[in-house]
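Thanks for coming. I will go through one structure today, starting with the helices and ending with a few loops.

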Amino acid sequence: MDLLTILQILDSTIRLATPLLLACLAGLFSERAGIFDIGLEGKMLAAAFLSGAIAFVTGSVWLGLLAGIAGSLALSGIHGLASITFRGNQLISGVAINFLASGLTVVVAQSWFGQGGRTPQLAGAARFEPIIWPGALTNIREMQQAGPLQQIYSELISGHTIVVYIALLIVPLTWWVLFRTRFGLRLRAVGENPAAVDTAGISVVGLRYAAVGICGVLTGIAGAYLATALQAGFTREMTAGRGYIALAALIFAKWRPWYALMATMLFGFLQALALRPDIIERTLSFRVQVQLLDALPYILTVIILAGFVGKAIPPRAGGEPYVKER
Amino acid sequence: MTQADDSMQAGTAADGTVPAIELKGISKAFGPVQANKDISIRVMPGTIHGIIGENGAGKSTLMSILYGFYKADAGEIWINGKQVQIPDSQAAIAAGIGMVFQHFKLVENFTVLENVVLGAEDSALLMPSLSRARRELKQLAEEYELNVEPDAKIEDIGVGMQQRVEILKALYRGADILILDEPTGVLTPAEADHLFRILEGLKAQGKTIILITHKLREIMDITDTVSVMRRGEMTATVKTAETNPTELAELMVGRKVLLQVEKDVAKPGARVLEVKDLHVTDDKGVERVKGVSFDVRAGEIVGIAGVAGNGQSELLEVLGGYEKARGTILVNGEPIDLTGAKSDGRSRRRRGIAHVPEDRQREGLIMDFAAWENVAFGYHDDPKYNRGILTDNAAIRADTEAKMKRFDVRPPNPALPAKSFSGGNQQKIVVAREIERNPDLLLVGQPTRGVDIGAIEFIHQQIVALRDEGKAVLLVSVELDEIMSLSDRIVVMFDGRIMGERLPSETDARELGLLMAGITDTDRPHDAAEVEAQLARAGGSAAKEV
């Protein structure tokens with residue numbers, strides 16, 4: 001296996017990990033504030049559909065992105081209303097959002113476009129295009145002849161969409177916000193012991209809505225990326241469990257931003273492997289069922305959720321509505 | 001008794017000082033329950049003002065109103081001569097009020113420093129706030145003996161230090177008025193002394209302190225003025241120097257109360273319970289009881305003293321039959337099964353062991369079930385309660401009603417669910433169920449936790465009466481006063497081991513307090529800091545438990 005092949009897999013890894021990373025960071029904000037969000041999947045799906053639909057209709061990927069974020073935010077608002085204001089069960093609210101999105105996206109897509117529950121193919125300005133960095137090679141022949149540094153630069157670093165770079169920048173930003181700002185301190189506190197926040201004279205409800213709002217924006221970007229960058233348009237159930245994988249990655253990452261990057265890269269890597277069964281066959285010198293490769297990320301999810309990867313302590317007040325008591 | 005002089009009722013005190021806090025006609029109802037009825041109180045600046053009353057007397061409600069947790073239905077709050085509105089905690093903090101809750105409001109996995117600045121940050125960025133807090137904590141520590149480790153996580157420090165963090169939080173926010181709700185409930189005697197020294201220091205700096213407690217001794221030791229609450233009303237405000245514990249107890253309960261348990265010298269008989277080299281390991285694989293041996297004879301009360309979480313609970317659970325253990329336990333000379341295979345609560349009861357568990361709401365009662373159902377629990381196979389394969393509910397009800405009358409449970413209505421009784425009456429139901437079975441050995445855990453003075457007196461009398469009938473009693477309590485007044489022999493546990501055995505007549509709270517902190521050379525003088533350091537080292541797990 002030569003360097004270029006490895007780089008190609010890593011390149012796919014980054015592309016495939018991006019929606020997971022965005023969703024994982026979204027979940028991180030929400031869960032760090034004590035609101036469990038199993039509805040990441042549904043929000044991503046809704047955002048994917050809305051961004052695909054609006055990008056197609058307007059021809060602008062940016063308007064599509066905004067629509068995706070708006071759709072995800074609206075669902076976040078419902079989740080917040082149910083679990084913060086009305087102190088309902090966060091799991092049930094999240095599951096409801098997933099069902100709602102799963103059904104509505106297909107029905108509305110069918111009604112708007114009549115293409116069997118999908119949006120039409122996006123092209124041109126309706127999609128996020130790869131950004132070619134200065135001096136980067138695009139021709140595969142030239143690349144094969146180039147030196148290793150040029151290969152890394154051209155294949156791995158250059159040539160991603162803007163969303164990929166933004167997602168990677170959000171990792172240090174999340175770390176900085178959580179651990180270096182007043183807002184982050186309060187956010188973490190409200191997920192650990194809302195009574196401490198309340199008695200310190202800060203609004204528990206306000207903080208939790210802020211967290212759920214950030215979660216909505218990031219999930220919206222993740223969903224929009226699926227329909228307008230990774231694929232060219234929305235297809236039914238196109239999230240394919242990525243919301244749940246992001247949650248598993250979040251647990252694996254012990255609710256920490258840098259670990260979240262590593263965890264989602266691992267999942268992205270497994271998904272990237274599944275795209276290249278030929279390489280696996282060449283390396284291992286026997287054929288691995290494609291279905292098994294496809295299932296790998298989900299198998300890892302189950303292993304993580306079953307607690308085989310060490311003890312992960314979730315935020316202590318997670319999942320519990322805050323009720324003021326004496 | 002001495003009513004506070006007339007100046008206490010007038011607008012300002014005799015010397016013209018403006019009260020730090022003045023509440024006028026505060027009322028608050030929760031549904032049909034009137035928690036506070038037309039309460040007026042004046043707290044003078046630079047004093048320590050005690051508020052004493054039984055559970056449910058309305059002390060905490062009143063303070064929660066002052067701290068903005070609840071909104072009063074009627075009444076006015078005046079701070080330093082100005083009327084203020086306190087709709088939320090933010091407003092209370094702005095008015096210079098700080099509160100140390102009974103259950104600390106700390107973020108467990110944050111450092112001390114982070115907890116102190118939470119909500120009182122200077123700017124959007126944390127660093128400047130944290131470094132300012134570090135400087136100020138150092139200063140406060142020197143000024144008031146409030147030493148804490150700024151970078152330690154809350155979950156790694158003992159309760160004494162956690163409480164100091166709460167006090168520091170209030171001071172950091174510039175509080176001039178500090179409210180402490182039952183601050184000594186979780187502290188060892190040495191830690192409590194340390195706290196009182198801190199409070200004295202704060203008072204000397206002109207801070208005003210309100211101390212809510214149900215412990216008469218604390219009131220007498222440290223307060224300048226004391227207000228007594230009973231059933232939502234303020235019954236009296238008196239100068240501490242002009243009153244005495246008996247009078248205060250009478251004001252709290254509304255009748256004469258015996259504060260000391262009256263009992264004759266014990267006449268110990270045969271060994272009823274023998275525990276030999278008992279080891280208990282919990283679910284997480286931590287050894288909680290590490291080779292404990294002792295015995296209890298007929299006709300004596302053996303008290304096990306210790307800070308909560310040092311293995312006493314596990315010991316009771318093994319004896320009660322719902323925890324496995326290694327070692328030997330003999331009851332009336334016969335071994336009992338410790339493997340969990342043949343042992344359960346029922347088999348223990350057959351062997352003449354009755355058990356009043358530590359947590360009546362979780363282990364002693366089912367709160368949603370009626371009193372009569374609760375009285376039948378554990379004894380539901382009693383032939384008296386059954387007719388063929390059916391239970392004889394009428395018989396259980398009648399028996400329950402008789403027990404409730406004998407134990408003065410109010411109201412004596414067996415059909416009411418357990419949760420509708422007050423803490424004291426709930427405990428009386430549990431005690432009645434167990435004592436009336438005439439056991440050879442009675443296990444009692446925290447018999448008076450959350451129980452008011454009147455009921456404490458009654459429950460103590462019942463335990464002593466059982467002893468006088470020649471039964472063995474094993475008492476586990478974190479209340480040192482209770483251990484000292486009730487026990488005929490005291491065993492002190494620390495970190496799963498027995499630190500020593502003392503006779504109540506030959507020891508005092510100081511010596512027991514040191515033993516409870518795991519210090520056995522009790523003759524040497526020790527300071528509070530050392531005791532605390534020791535507690536934090538070996539009893540860190542114990543502290544967290546509370």
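Please keep in mind that the model is predicted.

Where does that span come from? An unreviewed UniProt entry lists residues 209–228 of chain A as a "transmembrane region", and it also lists others, including 12–29 and 91–113. For residues 91–113 of chain A, the content is again 100% helix and 0% strand, with 33 Å between the end C-alpha atoms.

Now to helix packing. Two packed helices are described by the angle between their axes and the distance between the axes. In chain A, helix α1 (residues 3–32) and helix α10 (residues 204–230) have axes that come within 7 Å and cross at roughly 170 degrees. An angle over 145 degrees counts as roughly antiparallel, and therefore α1(A) and α10(A) are described that way. The crossing of α1(A) and α10(A) is left-handed. On the α1(A) side the contact includes A:L22, A:A26 and A:F29, and on the α10(A) side it includes A:C215, A:L218 and A:Y225. Sorted by class, this contact of α1(A) with α10(A) holds 17 nonpolar, four polar and one charged residues.

Helix α11 (residues 242–252) and helix α12 (residues 257–275) have axes that come within 8 Å, crossing at roughly 135 degrees. That angle makes α11(A) oblique to α12(A). The crossing of α11(A) and α12(A) is right-handed. From α11(A), the residues in contact are A:R242, A:I245, A:A248, A:A249 and A:F252, and they meet A:A263, A:T264, A:L266, A:F267 and A:Q271 of α12(A). Of the residues in the contact of α11(A) with α12(A), seven are nonpolar, two polar and one charged.

On to chain B. The unreviewed UniProt entry places "domain: ABC transporter" at residues 21–256 and 273–520 of chain B. Residues 21–256 of chain B are 36% helix and 27% strand, and the end C-alpha atoms of this span lie 31 Å apart.

Is helix α1 (residues 59–66) of chain B enclosed or open? Seven of its eight residues are buried, so α1(B) is largely enclosed by the rest of the structure. Among the buried ones are B:K59, B:L62 and B:I65. After α1(B) comes B:G68, with a positive phi near 80 degrees.

Last, the loops of chain B. B:E182 is not a glycine, yet its phi is positive, about 45 degrees. B:E182 lies in the loop between β7 (177–181) and α6 (189–204), and it is buried, with a relative accessible area of 11%. B:R231 also is not a glycine and has a positive phi of about 45 degrees. Its place is the loop between β9 (225–230) and β10 (233–239). B:R231 is exposed, with a relative accessible area of 62%.

Which peptide bond is cis? The one from B:R410 to B:P411, with omega near -10 degrees. B:P411 is in the loop between α13 (393–406) and α14 (423–435) of chain B.

That is where I will stop.

Conventions:
Residues are numbered from 1 along each chain as its sequence is written. Chains are lettered from A and ligands numbered from 1 in the order in which they are written. This is a predicted model: local features need pLDDT of at least 70, side-chain atom pairs count only at pLDDT 80 or more; totals for chains, interfaces and linings use all residues. Side-chain values use heavy atoms; hydrogens and water are left out. Axes are lines fitted to C-alpha atoms, for helices over the stretch in contact, and angles run from 0 to 180 degrees between N-to-C directions. Helices (H or I, at least four residues) and strands (E, at least two) are DSSP runs, numbered from the N terminus. Angles under 35 degrees count as roughly parallel, over 145 as roughly antiparallel, 65 to 115 as roughly perpendicular and the rest as oblique. A crossing is left-handed if the near helix is turned anticlockwise from the far one by less than a right angle, and right-handed if clockwise. Contact means heavy atoms within 4.5 Å. Ala, Val, Leu, Ile, Met, Phe, Trp, Tyr, Cys and Pro count as nonpolar, Asp, Glu, Lys and Arg as charged, and the others, Gly among them, as polar. UniProt positions are given in the numbering used here, feature names are shortened, and annotations may be inferred rather than shown by experiment. Buried means under 20% relative accessible area, exposed over 50%, partly exposed in between (1.4 Å probe, protein chains only).
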